[in-house]
Amino acid sequence: MVPEAREVHLSRRDRKVLEACCRSPMTLQRDLKRARIVLLAAAGRSTRSIAKEVGVQPRIVSLWRHRYADHGLEGLQDKPRPGKQPIYTKATDKRILKLLDKPAPQGFARWTGPLLAEELGDVDVQYVWRFLRIHKIDLVVRKSWCESNDPNFTAKAADIVGLYVAPPQKAIVLCVDEKPSIQALERAQGYLKLPNGRALTGQSHDYKRHGTTTLFAALEVATGKIIATHSKRRRRVEFLDFMDSVTSAFPDRKLHVILDNLNTHKKNEHWLKAHPNVNFHFTPTSASWLNQVEVWFSILQGQSLSGASFTSLKQLQEHIDAYIDAYNEKAEPFVWTKKKVRQRRFKGRRITQL
């Protein structure tokens with residue numbers, strides 16, 4: 001049954017607002033129908049005739065007549081609705097985070113979305129993925145870190161950073177290290193054209209080994225240039241032979257050489273005594289990243305070695321030498337901007353704080 005019709009009395013202001021609403025092309029259909037219902041009701045039309053003209057059920061006309069009569073224009077707005085109660089709450093989020101702090105199930109290296117959902121039991125995997133995306137938690141990308149337990153970390157790090165930021169006058173600062181066991185791998189490679197027309201470089205999984213070489217390298221901090229030599233092994237004798245060639249490249253110059261803690265780099269007092277112009281500076285343990293030549297080794301790997309094929313060990317060595325010659329022509333020093341290097345303990349901290 002249709003409720004008894006309520007009389008509608010429009011003020012001049014309300015009439016102008018409703019008429020403007022009916023004329024505007026931006027008015028939503030639901031608001032347009034409500035405005036027409038109230039205007040027609042104010043003109044004395046019956047509920048059924050209004051329903052027929054507007055194209056709605058009589059009960060809808062009666063609803064908006066009553067709403068306007070009781071609340072005015074505000075009554076034509078939708079009332080707030082409580083909406084559907086969320087299935088998952090902040091307590092669910094805390095359960096996911098708590099589970100991520102625990103080791104993955106036995107036999108698995110790390111948590112995955114399905115594993116988390118299975119362990120929780122009452123949480124859909126799609127919500128798990130959505131939660132991880134919102135909180136920028138990536139279960140696949142791995143972050144590595146290196147924790148130095150050297151009790152003299154601060155002093156050693158300050159010594160090396162000082163050589164980078166404020167090198168001694170009339171002295172040469174060199175970063176020295178080895179890149180061992182560079183393989184001369186021969187494998188078929190070239191451009192591949194896929195059925196969709198896309199072309200990309202590729203290489204065969206099959207390869208043939210032609211031996212390895214160890215590259216001794218010294219990076220001159222002031223210029224960025226490289227001095228390097230090849231060796232079959234990386235013993236103390238090969239290291240000192242390389243240092244002899246380095247000192248001969250800078251005759252009568254004071255040399256400050258930055259090294260990591262490899263055993264062949266230490267206990268060379270007899271050699272240092274014979275070369276009083278050379279000082280060795282050692283990085284803290286587990287902090288060889290302070291040695292700038294490590295940056296250059298990464299550049300060498302990316303620009304010269306990755307994806308290359310060699311038919312002999314000699315070809316590999318000539319290839320590296322050619323790259324070094326080309327690199328030295330355009331060499332620029334690395335700019336060291338971090339003046340303070342702190343020793344931060346990992347224990348007791350979340351990985352996200354690293």
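I started with R130, which has its place in helix α7. Helices here are DSSP runs of H or I with at least four residues, strands are runs of E with at least two, and both are numbered from the N terminus. R130 counts as partly exposed, because its relative accessibility is 40%. The cut-offs I noted: buried is under 20% relative accessible area, exposed is over 50%, and partly exposed is in between, with a 1.4 Å probe and protein chains only. Then I looked up R130 and G113: they are 17 residues apart in sequence and 9.8 Å apart in space, C-alpha to C-alpha.

Ground rules, before I go on. This is a predicted model, where local features need pLDDT of at least 70 and side-chain atom pairs count only at pLDDT 80 or more, while totals for chains, interfaces and linings use all residues. Residues are numbered from 1 along each chain as its sequence is written, and side-chain values use heavy atoms, with hydrogens and water left out.

**The whole protein**

I found 12 helices and 7 strands in the protein. How does the radius of gyration of the protein compare with that of a compact globule of 354 residues? The protein has 38 Å, while such a globule would have one near 20 Å. (The radius is taken over C-alpha atoms, and the globule rule is 2.2 Å times the number of residues to the power 0.38.) The box filled by the C-alpha atoms is roughly 115 × 55 × 50 Å along the principal axes.

I also checked burial: 34% of the 354 residues count as buried. The accessible surface comes to about 23,200 Å², and 52% of that belongs to carbon and sulfur atoms. Those areas come from the Shrake-Rupley method with a 1.4 Å probe, and for residues only the protein chains shown count as cover.

For a residue pair in this model, I picked Q303 and W64, which are 239 residues apart in sequence and 74 Å apart in space, C-alpha to C-alpha. Q303 is found in helix α11 (residues 293-305), and it counts as exposed at 59% relative accessibility.

**The sheet**

Next I traced an open sheet of 5 strands, in the order β5-β4-β1-β6-β7, with mixed pairing. Neighbouring strands are turned by 25° against each other on average, direction ignored. For pairing, DSSP has to find at least two bridges between the strands.

β4 and β5 pair in the antiparallel sense over 6 bridges, and L219 has I226 in β5 as its bridge partner. Their hairpin has 5 residues between the strands, and G224 takes a positive phi near 85° there.

β1 and β6 pair in the parallel sense over 5 bridges; L174 has V257 in β6 as its bridge partner. V257 also stands opposite F280 in β7. β6 (residues 254-259) and β7 are parallel too, over 5 bridges, with L259 partnered by F282 in β7. I noted that β6 is largely enclosed by the rest of the structure, because 5 of its 6 residues are buried.

Helix α9 (residues 236-249) lies across β1 (171-186), β4 (208-220), β5, β6 and β7, and runs at about 45° to β4. Axes are lines fitted to C-alpha atoms, for helices over the stretch in contact (heavy atoms within 4.5 Å), and angles run from 0 to 180 degrees between N-to-C directions.

**Rings**

I counted up the aromatic pairs: the structure holds 9. Rings of Phe, Tyr and Trp (its six-membered ring) pair if their centres lie within 6.5 Å; planes under 30 degrees apart are stacked, over 60 edge-to-face, and the rest tilted.

One of the pairs is Y88 and Y127, tilted, at 4.5 Å centre to centre with 35° between the planes. Y88 sits in the loop between α4 (58-71) and α5 (90-100) and Y127 in helix α7 (residues 125-134), so the pair ties together parts 39 residues apart in sequence. Y127 counts as buried at 13% relative accessibility.

F216 and F242 are another tilted pair, 5.7 Å centre to centre and 35° between the planes. F216 lies in strand β4 and F242 in helix α9, so this pair ties together parts 26 residues apart in sequence. Are F216 and F242 buried or exposed? Both are buried.
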